[in-house]
Amino acid sequence: MTLSDIDFPTPGEGADCGMVREILDLIGDKWTLYIIATLKDGPVRFNELRRRIDGISQRMLTINLRGLERNGLVKRTLFPTIPPRVDYELTSVGRTLLAPVMALVTWANINQETIQDARVRYDAS
């Protein structure tokens with residue numbers, strides 16, 4: 001398969017290539033796939049989300065969640081308790097990302113050794 005085999009939308013077909021690129025950039029962000037996958041089973045509190053995503057800082061989690069919320073993929077619910085409780089969950093649109101995201105995660109898990117072997121061979125040459 002080549003890129004010419006893929007039926008990409010063109011601007012003449014009603015697609016805004018700039019907007020599509022922005023959405024793909026959002027989804028392809030370093031942390032977005034982890035956040036989407038972590039929210040797959042339902043609402044999660046902010047601190048629990050941070051604990052489940054190894055290596056993400058509080059600041060980066062906040063920035064990414066805001067972006068996902070702004071784009072309608074994640075819903076933020078604030079509970080007026082002391083201390084305040086904040087839950088995050090996927091919206092209906094965000095849930096439509098689960099199948100492709102989990103397919104990418106599965107693909108990465110299946111192919112990680114093959115890719116690592118290819119890196120070692122390449123670096124040795």
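1. Arg85 counts as partly exposed, at 30% relative accessibility, where partly exposed lies between buried (under 20% relative accessible area) and exposed (over 50%), computed with a 1.4 Å probe on protein chains only. The side chain of Arg85 meets that of Asp87 in a salt bridge, with 2.7 Å from N to O, and Asp87 is buried, its relative accessible area being 8%.

2. On the basis of these values, the model is a predicted one, in which local features need pLDDT of at least 70 and side-chain atom pairs count only at pLDDT 80 or more, while totals for chains, interfaces and linings use all residues. Residues are numbered from 1 along each chain as its sequence is written, and side-chain values use heavy atoms, with hydrogens and water left out.

3. A salt bridge is taken here as a side-chain nitrogen of Lys or Arg within 4 Å of a carboxyl oxygen of Asp or Glu, and by this rule the count comes to five.

4. Glu48 and Arg51 also form a salt bridge, at 3.1 Å from N to O; the two lie three residues apart in helix α3 (residues 46–52), and are therefore separated by about one helical turn. Helices are DSSP runs of H or I with at least four residues, numbered from the N terminus. Glu48 is partly exposed at 28% relative accessibility, whereas Arg51 is exposed at 60%, and a network of salt bridges links Glu48, Arg51 and Arg52.

5. Lys40 and Asp41 are joined by a salt bridge whose closest N and O atoms are 3.2 Å apart. Asp41 is exposed, with a relative accessible area of 68%, and Lys40 is partly exposed at 31% relative accessibility.
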